[in-house]
Amino acid sequence: MAEKKTLLKILDLLKKLPRTNCGACGYATCMAFAMQVLREGENPAKCPYWKPEDLVFVKQALRDQGAETAFPDHLFSARKFVQGKIKDCDFARVADKIGARLLEDESGQALEINLLGRLYRVDKKQVEPLDQGEHDLWEHVLLYNYVAEAGGRPLSGNWVPMESLPGSLAKRKAFFAGCEEKIASSFNGRPQALVAALRFLKADFSAFDSNAEVVALFYPLPRIPFRLFFWDGDQVEGFTPQVKILFDETVLDYLDIESLVFLGQKCAEKLIVADAPIGSGP
């Protein structure tokens with residue numbers, strides 16, 4: 001059996017970087033540097049503050065991925081496939097159903113969609129953030145899938161966990177590890193830091209009937225609300241921190257289960273990155 005190769009993600013790099021935004025690498029932030037390493041093949045050794053073993057690991061992982069990029073051939077194939085799913089999509093009909101804004105200019109029709117607090121322009125050929133900043137090609141796949149699903153029933157207000165969604169059995173573990181567990185461990189002992197990070201996603205902290213330290217409602221995508229519950233850990237009592245995320249029961253009308261798992265992972269990354277400037281470091 002061939003040895004399984006490591007596929008680096010932005011969060012993997014960011015956790016190993018100092019997150020001091022010192023600029024020694026030539027980039028304004030550690031996040032910008034990590035994006036350049038993964039997207040453009042920037043030399044990771046430009047950061048002088050790696051632990052030696054981490055730098056060795058990162059260089060080997062980049063070589064494993066090929067062409068020193070985090071975007072292997074299967075990613076481009078996936079993007080091409082989902083682009084095909086929307087080639088006949090009527091953006092004017094879909095816009096209101098998925099909470100997007102219809103754009104019309106000399107290039108034709110496009111959709112403006114808010115993903116995790118950031119606006120993207122989506123047309124049938126490309127996806128671009130309106131702020132012209134760094135972005136992840138997997139976000140293209142996610143946004144195209146969101147458009148392709150084209151919405152469905154109005155949100156019902158009935159909340160359900162991942163495990164109750166059809167077809168979620170094989171994906172529950174991935175969602176827990178990549179989203180819920182990651183958020184819980186990252187903010188263990190720091191509920192107010194989680195509140196501060198959630199504010200970047202315009203979370204609503206209105207009173208909910210729960211014994212959780214943090215309860216928040218936010219929208220990673222316009223028609224996909226997440227209700228997040230955070231119970232802090234207690235070393236004395238031996239309690240580990242826990243996060244539980246509930247969805248509106250209509251969620252699969254707007255996004256397939258695999259894309260929903262990825263959206264959860266992106267939420268975790270977004271919260272950890274938002275906390276990075278004030279966090280305790282890697």
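1. Buried means under 20% relative accessible area, exposed over 50%, and partly exposed in between, using a 1.4 Å probe and protein chains only. In helix 8 (residues 191-199), the buried residues are Pro 191, Ala 193, Leu 194, Val 195, Ala 197 and Leu 198. Helices are DSSP runs (H or I, at least four residues), as are strands (E, at least two), numbered from the N terminus.

2. This is a predicted model: local features need pLDDT of at least 70, side-chain atom pairs count only at pLDDT 80 or more, and totals for chains, interfaces and linings use all residues. Residues are numbered from 1 along each chain as its sequence is written, and side-chain values use heavy atoms, with hydrogens and water left out.

3. The protein chain has nine helices and eight strands. Of its 282 residues, 47% are buried.

4. What do the buried residues of helix 8 pack against? They pack against helix 7 (172-186), helix 9 (257-275), strand 6 (214-221) and strand 7 (224-231).

5. Helix 7 and helix 9 have axes that come within 8 Å and cross at roughly 15 degrees. The two helices are therefore roughly parallel (angles under 35 degrees). Residues making the contact (heavy atoms within 4.5 Å) include Gly 178 of helix 7 and Gly 264 of helix 9.

6. Arg 118 lies in strand 3 (residues 118-122). Is Arg 118 buried or exposed? Arg 118 counts as buried because its relative accessibility is 16%. Leaving aside neighbours within four places in sequence, its contacts include Asp 131 and Glu 134.

Notes. Axes fitted to C-alpha atoms, helices over the stretch in contact; angles between N-to-C directions. Parallel < 35°, antiparallel > 145°, perpendicular 65-115°, else oblique.
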